[in-house]
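Trainee: I would like to learn how to read backbone and ring features in a model. Please take me through a case.

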Amino acid sequence: MNTLRLSLIACLLVFSGTAHCATITFGTDDYVVDTNASTFSISSQNATSLTLSGSAQSDLYGSLINSIDLSAYVSGSGLSVALTASTTSTSDYNFTLELFDADGDGVKYTGNWSSFTDSLSSVSLTLAGYDLGGGGVFDGVVSTIAIYGGGSTAALNITLGSLTFDSAAVPEPASCAALAGFATLGAALCRRRRLGSRR
Amino acid sequence: MNHAPLLCPTRPPSFPRAGFHLASAGAILFSLFLTCMDVSASTSAATTPVGVFTVTIAAGTGTGATVSTVSFPLAIAAGFSGAMTGRITGVTASGLSNSAAGWTAGELSAAAAPCLIQITSGPALGRTFLLSTTTANTATTVTLNAEEAGLIDLTTLGIATGVETGDTYRILACDTISSVFGTPETTGVKAASAPDTADNIQILSEGTWLRYYYSSTYASWRRVGPDTAAANIPLRPDTLILYTRRGTTDMSIPLLGAASEITRRAIVRPGGITALASGWPVSGTLAGSALQSIPGWNAASDVAGADRVWILVSGAWLRYYYDGASWRRVGPNTVADTLVIPAGSGVLLDKITATASASTLVQSVPYDL
């Protein structure tokens, strides 16, 4: 039984090391707003979040203090992006979130502000395309992140917490091999327990 | 009298040459009536292309609203008594006259059927003004709408006057909210008792966005806020409007009219936002829009010092600035000269510093006739 427990713990440790999951925040530790390129007004920004006021037309453009390499994610069948945010406005308008590489190429996701409540919650965004007008191919190394409103002049106040990138649904071949190996190990242990109990 | 050609929907059209690029099928379609046309390769321009322009407004998502930019690029000749085309014999700061017009007093200034006057020759060629519905026209004189009169002094435009030598004009019908967007039964507009659950129209008026919706309580169009009747609010041909669709199906609105065959001159407000219609029944590019040539337009190598253009692209408001050589997207600074401005849409012009007076956008006809 102890052997089985140790195997499960080892399994968890291996998966936590290979899972494709990364998070950045819109706080001062990660994100710098380009005020010349943004129409949202910054209400406040602390270490982990950014509060903005504007309208459903407003946009936000800023750079990451440390670019994040998502090339392993986007080379697969898709990168899942979840935005943690809150809004105190009643706004049912769509928005677009764009991840740019250094050349202005990127990947685009869409969401709707009505998905968020007045407390921070995480909502998965919908992949909308890769053509952002940079003229090249997105290399997966994200240096800037932008949010573009798609609405009208309705007031919009939002707090942005974090972005989580995840491709856990598309494990790499190495992860698959590890999974298969641990499944085999588990099966062997179970068989051994069954045989042991018969004896 | 040598009048300018009358834009008349019943006039046989000529076939556009290759330079007349029809909008691609999908959101917007401009289709010509092909009767009575001359399709020979050597056809040269003769008459104005007349047809139907269909504006398709994208559906809301059910949980969310979808915003579309909408404009109306076709003109319809007004059908009143008196001279619907003619020569200008007098100009004041806010009025034009034709001593031989023979108009019926008040017929061009009725709130339910607003009219436009378009200058069709001379240095003001292509300027189009909404006529006042509060100051009635006389047999010989029309007065401009107060907003336009506040931006432009007609006496500064170089308009020639005279029975024989005056510049020419034509009177056009102006669309209204009800004439275009109709009722839930005729167009599918989503009505509700409160504006936040209905389709909304936003029109920029004197620098302020005014919002309208179809009230199920009144069974008519109302303005949000004052709750006043809004069916007759005019939709200027040079003005972009924002349509917020909450209904879950696309709306298709076919509009009959004629494509312009003359240069366009549109007013750009001296500061702040101008909601500008794309103006033509064909799509164009940002570089081809001539926006960068508006007098007083601020170009700069950095967006901080540049005027901006807002365009709704694939559901997001993207902004662009002119760096002196190319249009660039605000943020990533990628070149955007070839960005398409679809027919039947438009842009928001954002001037970061006010000029002393309104400017004028001049656009040549983007197709061969």
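Mentor: Start with B:Glu206, in the loop between strand E13 (200-205) and strand E14 (208-215) of chain B. Strands here are DSSP runs of at least two residues (E), numbered from the N terminus. This is a predicted model: local features need pLDDT of at least 70, side-chain atom pairs count only at pLDDT 80 or more, and totals for chains, interfaces and linings use all residues. Residues are numbered from 1 along each chain as its sequence is written, chains are lettered from A and ligands numbered from 1 in the order written, and side-chain values use heavy atoms, without hydrogens and water.

Trainee: What is the phi of B:Glu206?

Mentor: Most residues other than glycine have a negative phi. B:Glu206 has a positive one, near 50 degrees. B:Ala290 also has a positive phi, of about 70 degrees.

Trainee: Is B:Glu206 buried or exposed?

Mentor: Buried means under 20% relative accessible area, exposed over 50%, partly exposed in between (1.4 Å probe, protein chains only). B:Glu206 is exposed, at 56%.

Trainee: How many aromatic pairs does the structure hold?

Mentor: Rings of Phe, Tyr and Trp (its six-membered ring) pair if their centres lie within 6.5 Å; planes under 30 degrees apart are stacked, over 60 edge-to-face, the rest tilted. The structure holds 14 pairs over all chains. One of them joins B:Trp103 and B:Tyr169: centres 6.0 Å apart, planes at 70 degrees, so edge-to-face. These two residues are 66 residues apart in the chain. Both B:Trp103 and B:Tyr169 are buried.

Terms used:
Helix = DSSP H or I, 4+ residues; strand = E, 2+ residues; numbered from the N terminus.
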